[in-house]
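Subject: Structure handover

Hello,

Please find the structure below, followed by notes on what was found in it.

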Amino acid sequence: MPVALGLNFHHDTSAALIVDGRLYAAEEERWSGLKHHREHGQHKAVLTGPARSLTWCLEAAGIELGQVDAVWAAGMRPHPPGGQCLATEREELAALLPEPLGRRLRLMSHHTAHMLSGYLISGLGHAAGLVIDAGGSPLGADFGPGRERTTGYDLRPGHIDRVQQSFPSLSAGPVGVERVHHSLGHFYRNMAHRVIPPGDEPEGSMMALAAYGDAARYRQPIGELIHLGDDGVVRIAAPYGSADSRTPLKVGGRAWTQAGAADVPLSERADFAAAVQEAFAVAVVHTARHLRRLTRATDLVFSGGCALNSHLNGTLAQASGFDRLFIAPAPHDAGTAVGAALYGWHHHLGQDPLPATVDAGWGPVAGSLSQRDIPDGWHSLGDLGDRLGPTAAGLLAAGSIIGWVQGPMEFGPRALGHRSILAHPGHADSRDRLNTIKRRAEYRPFAPAVLDTHLGDWFTGDADPFMNRVARIRPEQAAHVPAVVHHDGTARVQTVTAGHTGLGGLLEEFRQQTSLPMLLNTSFNLKGTPILRTAAQAAQAAAGLGLDALAVGTTLLVADHGQHAAPARGWAA
């Protein structure tokens, strides 16, 4: 029975294991409690690799260390000319692993790991692949100095061909010749730091704020920072394609800096964000269209940190020229462990690719609630069995906000119905209350989880099961679900099949009670912390956040506070 292991040792530290065609995967942050598994402001992981996530994968699969046949991870360290550090990096990472895993560790390209985390579970044949992030592996002698920033692939079963690669360039400055970075990932983050004050996640917050702005105000000066080449390459004016967000950017009579973000009126910041989002999307679409010409593929797989931008993904689906867009379930760096495991499974061990997936529930189950887990001021309705769905749907229909913990934990940054907070999408006060509960900026939207059979009744355009792209609400439906429609008429939609183990049954129960085939779905976590892992953590968080009820498996806890916890239709005695 072949066994393949994939690891990510850097931020978003993670482990993934494939045994007998089944994938086990988890992120280290869910054990350490540190979001991205790094200290605030630090880029690197703070602990010694994916120790606890790796242990869980092995234990869950019933695998001993010596049974692992292939161990792969993405290399990330900058290499000097000659490349001698590649072996050194492997040795240092191997030292963090127990034997014989360390001895079997091999390194692969960071961008290739990103790409395969999507392609090898997409079910697609011939496809183009696009990876865009802040930076990946060193390019090495074949491509010159610098890191992977934007990479294009021609993908076919059993073959991975890199056909497009961005490069740094050299520029003469006051202190000599410097390397200029052209990273779209760095560009977006760089701009986000100039409009989002500390305390909120910059990239996601800027994307949300952009919906309130007018791109025309700053379109020209922001657009002039990016040059689109006929060869599909994107070049960014220095230093704005790098991590340097301290150098002032003079736009509209103002010097935009990270330190001064809080001093700029919100309306100006919204206009700036709208211009950045537009320029960013134009650049990515430009690259994708060139890749379409190079590969002649009709399907596109997109991954890397920039693939977390759901508004970009909606634009890419409509404007790139591809018939279908598949976005990796976990396009951030944690997903490289999945890509590395899939590479080991398929390309190294010669096993058939895993079937296409519509769920990323690859992690541990939460366990059960004990009596000591029940918070003060809450009571348990016990094990409801088949009555849980109607009971929970009744509470939601009456306006309750519920913590929902079902089955294996999701892998990746999105709550997909296994570790979620759920609410009625038709109640605007649910959105406002949740913004207060989760201490979010008021301009940030919440996402709907929708039964896939009803998607076309409510939205135009495609969506996906991993909540990775926006779709536009049909105008005649918007007033019915104000809690999940953004200011620009879009929503980051998660499609849910009837058999989805997290949400399928509950969505159908809610539809029967309200005629709405969707729920507001947001991640079950405290501000600045990872999505929770265990039943005990869920009970503690539900009380701390002030939720109305909590379902763990078929057990339901209800808070003894306020009108939202009152018995509703479907209440189980």
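Two strands are said to pair if DSSP finds at least two bridges between them. The model you have is a predicted one.

E21 and E22 run antiparallel and are joined by two bridges. In this pair, phenylalanine 459 stands opposite isoleucine 473 in E22.

The loop between strand E21 (459-460) and strand E22 (470-473) holds methionine 467. Methionine 467 is not a glycine, yet its phi is positive, at about 60°. Is methionine 467 buried or exposed? Its relative accessibility is 2%, so methionine 467 counts as buried.

Aspartate 20 counts as exposed because its relative accessibility is 62%, and the cut-off for exposed is over 50%.

Next comes strand E20 (residues 447-451). Five of its five residues are buried, so E20 is largely enclosed by the rest of the structure. In a regular strand, side chains alternate between the two faces of the sheet. In E20, Ala447, Ala449 and Leu451 point one way, while Pro448 and Val450 point the other way, and all are buried.

Which strands does E20 pair with? One is strand E25 (residues 518-523), which runs antiparallel to E20 and is joined to it by four bridges. Here alanine 447 stands opposite asparagine 521 in E25. Another is strand E24 (residues 494-496), which pairs with E20 in the parallel sense over three bridges. In that pairing, alanine 449 stands opposite glutamine 494 in E24.

Now to a pair of helices. The axes of helix H9 (residues 266-295) and helix H10 (residues 310-319) come within 10 Å and cross at roughly 40°. The crossing of H9 with H10 is right-handed. On the H9 side, the contact is made by Gln277, Phe280, Ala281, Val284, Val285, Ala288 and Arg289. On the H10 side, it is made by His311, Leu312, Thr315, Leu316 and Ala319. Of the residues in this contact, eight are nonpolar, three are polar and one is charged.

Last, there are cis peptide bonds to look at. One joins glutamate 99 and proline 100, with omega about 5°. Proline 100 is in the loop between helix H3 (85-94) and helix H4 (101-104). Another cis peptide bond joins alanine 238 and proline 239, with omega about 0°. Proline 239 is in the loop between strand E12 (234-236) and strand E13 (249-251).

Regards

Key. Residues are numbered from 1 along each chain as its sequence is written. This is a predicted model: local features need pLDDT of at least 70, side-chain atom pairs count only at pLDDT 80 or more; totals for chains, interfaces and linings use all residues. Side-chain values use heavy atoms; hydrogens and water are left out. Axes are lines fitted to C-alpha atoms, for helices over the stretch in contact, and angles run from 0 to 180 degrees between N-to-C directions. A crossing is left-handed if the near helix is turned anticlockwise from the far one by less than a right angle, and right-handed if clockwise. Contact means heavy atoms within 4.5 Å. Ala, Val, Leu, Ile, Met, Phe, Trp, Tyr, Cys and Pro count as nonpolar, Asp, Glu, Lys and Arg as charged, and the others, Gly among them, as polar. Buried means under 20% relative accessible area, exposed over 50%, partly exposed in between (1.4 Å probe, protein chains only).
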